[in-house]
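Visitor: I have the sequence and the model open side by side. Could you walk me through what is there?

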Amino acid sequence: MTTPEDLRDLDAVASLADPVRRRAYEVVAAGAGPVGRDEVAQALGAGRTLAAFHLDKLVAAGLLEVSYARRSGRSGPGAGRPTKLYQVAAAEHAVSVPPRAYRAAAELLAEALEQAGAEQTLYEVARRHGSGGPACSDITEMLTAQGYAPEPDGAERIVLRNCPFHRLAEQFPPLICGMNLAVIDGLLTGSGLDGEWTARMDAAPGRCCVTLSKK
Amino acid sequence: MDAFHLAQINTARLRAPLTDPSMADFVEGLTRMNELADRSPGFVWRLEGDNGDGTIARPADPLRIYTLSVWETPEHLRAYAYQSEHLDYLRRRREWFHPNGSEAALVLWWVPAGTTPTLRQGISRLDRLRAGGPTPEGFTFRQMFPAPAVRRAPSPERLAREEGTAPEPSPL
């Protein structure tokens, strides 16, 4: 808890202690793309200045990133100034008291599993764990509860904007993405939604490698 | 145009010969994966081999296969390998390949743009990675090394300065 990096993580997480600021973060995180301060102000039921104050605090804490775009779709003279937009930063922050290093342990386990060629065992364990959840009839609710940030793509397909295993998946893509597919497969079975939806590996940049389609 | 491109070789030991029915999905996928690679952004070159399917078998051990390719950048190779349909193919690798154990199965290294590596060079990079861990001569996605710095011809002004025949630029 004493290295400069630890303290930055602590500051980042602590900045969410303010309920209004936390809500502002949630609004941005729930957006399918970068979100403007007007949208956040509206969701908070607060003024534009207050929304901007909290958003910029979140940027300073490293939780949000800023980009600029003209929202009118116009360009050139007369299009107006670009709007300041906010999105969730790629950096991850974790604080553990007392110090624990579960990610380091996960990396060692992943490497060992890969070397042993025990992928199939991992997938079976993942599917069984996934299927242990409660019944649920709402696919969006079920996936949201698991941290996947589901986003409908038409009525027949759902993409997942967040990968709960992101860092590990970047380091061991086939192993961890295969595990994730098995988890989601299990979740569908456990919730009773497997008659209606099917999960498949459908990798693309910038989102979870699994998508769901209507059966 | 980048001066260096990224070469990769990877290897696997097949559970059965490619003609075995248990390998049908793997063989069927090869054509699709090669076509996907060929049209992927940043793809430069791949060794097609005698079969034309991109798998090169070692004569002394036909179950040991290699693929060798060159990409403009690591990001291009990563996008093809892990952010495309290829990932699902990789996910099923244990159905077709023996585990690699502690032996590295993939090595990356930089080649001057416009040159293509040979299979022998690739296998030697793999051996070096296995023997001594990642170095600028052979590394992995988890431990990358940057491309060699490109030496540009210095400007006449800079040459003159370095030779002491020109005054230092004024701080103003």
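Guide: Gladly, and please keep in mind throughout that this is a predicted model. Chain A is made up of 9 helices and 7 strands, and its C-alpha atoms fill a box of roughly 60 × 50 × 35 Å along the principal axes.

Visitor: How much of chain A counts as buried?

Guide: Of the 215 residues in chain A, 29% count as buried. As for contacts in chain A between residues at least 6 apart in sequence, 55% of them join residues that are at least 24 apart.

Visitor: And what domains does the assignment give for chain A?

Guide: The assignment gives domain 1, covering 4–88, and domain 2, covering 102–214. The C-alpha centres of domain 1 and domain 2 of chain A lie 29 Å apart.

Visitor: Let's go to the helices. At what angle do H2 and H3 of chain A pack?

Guide: Helix H2 of chain A (residues 19–30) packs against helix H3 of chain A (residues 37–44) at an angle of about 125°, and their axes are 10 Å apart. That angle makes H2(A) oblique to H3(A), and H2(A) passes H3(A) in a right-handed crossing.

Visitor: Which residues make that contact?

Guide: From H2(A) come Val20(A), Arg23(A), Ala24(A), Val27(A) and Val28(A), while H3(A) supplies Val40(A), Ala43(A) and Leu44(A). Sorted by class, the contact of H2(A) with H3(A) has 7 nonpolar residues, 1 charged residue and no polar ones.

Visitor: Changing topic: how many residues does each chain put into the contact between chain B and chain A?

Guide: Chain B puts in 16 residues and chain A puts in 15 residues. On the side of chain B that touches chain A, the elements giving two or more residues are helix H2 (74–82), helix H3 (86–91) and helix H4 (93–96) of chain B.

Visitor: Which of them gives the most?

Guide: H3(B) gives the most to that side, with 4 residues. By class, the residues of the side of chain B that touches chain A divide into 5 nonpolar, 6 polar and 5 charged.

Visitor: Last one, Gly133(A): where does it lie?

Guide: Gly133(A) lies in the loop between helix H6 (119–130) and helix H7 (139–145) of chain A.

Visitor: Why does Gly133(A) count as partly exposed?

Guide: Gly133(A) counts as partly exposed because it has 16 C-beta neighbours inside 10 Å, whereas a buried residue needs 20 or more and an exposed one has 12 or fewer.

Visitor: What does Gly133(A) touch, leaving out residues up to four places away in sequence?

Guide: With those left out, Gly133(A) touches Leu187(A), Gly190(A) and Ser191(A). Gly133(A) and Thr189(A) are 56 residues apart in sequence and, C-alpha to C-alpha, 9.1 Å apart in space.

Notes:
Residues numbered from 1 in each chain as written. Chains lettered and ligands numbered in written order. Predicted model: local features only at pLDDT ≥ 70, side-chain atom pairs only at ≥ 80, totals over all residues. Contact = placed C-beta atoms within 7 Å. Axes fitted to C-alpha atoms, helices over the stretch in contact; angles between N-to-C directions. Parallel < 35°, antiparallel > 145°, perpendicular 65-115°, else oblique. Left-handed = near helix turned anticlockwise from the far one by under 90°. Nonpolar A, V, L, I, M, F, W, Y, C, P; charged D, E, K, R; others polar. Domains from an automatic or database assignment.
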